[in-house]
Every structure is written in structure tokens, then in C-alpha cells.
Amino acid sequence: MKWIRLRYTKWFNILKDGLHRNNPIVVAVLGICSSLAVTNRVENAIAMGLGVTFVVMASSAFISLIRNFIPGKVRMVTYMVIISAFVIIVQMFLEAYFPSIASALGAYVGLIITNCIVMGRAEAFAVKNPVRYTLVDGFASGMGYTLVLLVVSIVRELLASGTLLGYQIMPDTWPNWVVMSIAPGGFFVLGLLIWGIREWSKFYETN
């Protein structure tokens, strides 16, 4: 029973790290470029977030499986090859089933290959831990990234066009904030979100 309790405690701590304590965007400040580029609409943010989550989970799990066979001198190249394979799967899936989203995301899907979140989890966690923990870590990091993208995209889409997922939410008299549809608006919203979460975390830890 003690062994089972310790294992579930570790899973919980890994989840908490990815979602909050070491959130890729809020704490580690990784993946900022894509978070500014794709959060002008909610559907784009969801697609990118789920795509990154799949890639980080799948690539980290595969790297964990073969970690004892990867020569130290070529480990970064090996990571890139593995990550690239799963990114291609995501890109082909979006182009086949969600062509409009694939077109809107453009090159940013392919750039998941260079996303520091994916490479970082491979080097910092996957190569040192068994698959069962690596999957949890990949899920937590991906969902931490996705949640931030989702919050930012909801604010930006509402203010920029008064819609959410294509449905009109704001009244017809709503003046669209054009700045929220471009990168400076995303930078402003993301900056406020990071500041707010960090201040809340400080308050939570001291009380």
C-alpha cells in the first residue's frame, strides 16, 4: 500500500509541476512565439495546444523507451528526428481533417519541432525516467501550455471580434478591438496573465 501511495503521489506532483509550478509558459517562459501567433482565435489555440501535447507525450515516451541505447554524442539529433516524426503526423492529421485550421496555423505546426517545451521535456525528464512517468509529465506540460493558450485566445477573440468558436457572443454594437487580433494584443494579454498568475502564486505560498 505504501508503494502504491508513493507512486500516485509522484504522479500528482508531476501533474502539478507541469500545470502550475513549472508551467511551460508562465514559469519557464517557453513557447512564447507560438502563444502570441496562434491565440487570435480559440480553435487555433486548441489545435496547437493539443498538437503540442500529443507531440511531447509521444516523443518523450519513445525517447524514454530507448534512452539506454541513445549515444550521448548524438542524443540531441536523435531527439529532433523523433520529434519531427510526430510533428509530421500532427501536420498531416490537421491537413486531412481540419484544413482551415491547418491553413490558419501555417508554419507554426511545423515549428513544433523547435518548440523548447518538447525538447526541454525530452532532455530534462524523458531521458531520465521510465515511460509511465514520462507520459504523465508530457501530458502535464502539454496541458499547462494548452490552458494558457486557451485563456489568452478567449480574451483576444472576444475583444477582437466579439465571437467564440465562430459564435457571436458580444452584442452587435460591440466595437472590435483590432489590436487584439495582432501580435501586440497577444503580448499584452499574455503579459498580464503571467503577472497575475505569478502574483497569485506568491500570495498562495505565503498564506
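Helices (H or I, at least four residues) are DSSP runs, numbered from the N terminus. The structure is a predicted model, in which local features need pLDDT of at least 70, side-chain atom pairs count only at pLDDT 80 or more, and totals for chains, interfaces and linings use all residues. Residues are numbered from 1 along each chain as its sequence is written, and side-chain values use heavy atoms, with hydrogens and water left out.

Thr146 is located in helix H8 (residues 131-161). Because its relative accessibility is 10%, Thr146 counts as buried (under 20% relative accessible area, with a 1.4 Å probe and protein chains only). A polar atom of the Thr146 side chain lies 2.8 Å from the backbone oxygen of Gly142. When residues up to four places away in sequence are not counted, Thr146 touches Gly49, Leu50 and Thr53 (contact means heavy atoms within 4.5 Å).

Helix H8 also holds Ser153, which is buried with a relative accessible area of 0%. The side chain of Ser153 has a polar atom 2.9 Å from the backbone oxygen of Leu150. Ser153 and Thr39 are separated by 114 residues in sequence, yet their C-alpha atoms are 4.3 Å apart in space. Thr39 is among the residues that Ser153 touches, together with Arg41, Val42 and Ala45, residues up to four places away in sequence not being counted.

Elsewhere, Arg75, Met76, Tyr79, Met80 and Ile83 in H4 meet Val118, Met119, Ala122 and Glu123 in H7. By class, this contact of H4 with H7 has 7 nonpolar, no polar and 2 charged residues (Ala, Val, Leu, Ile, Met, Phe, Trp, Tyr, Cys and Pro count as nonpolar, Asp, Glu, Lys and Arg as charged, and the others as polar).

Note on methods:
Helices (H or I, at least four residues) and strands (E, at least two) are DSSP runs, numbered from the N terminus. Buried means under 20% relative accessible area, exposed over 50%, partly exposed in between (1.4 Å probe, protein chains only). A polar contact is a pair of N or O atoms within 3.5 Å; within protein, one must be able to donate a hydrogen and the other to accept it, and residues adjacent in sequence count only if both atoms are side-chain atoms.
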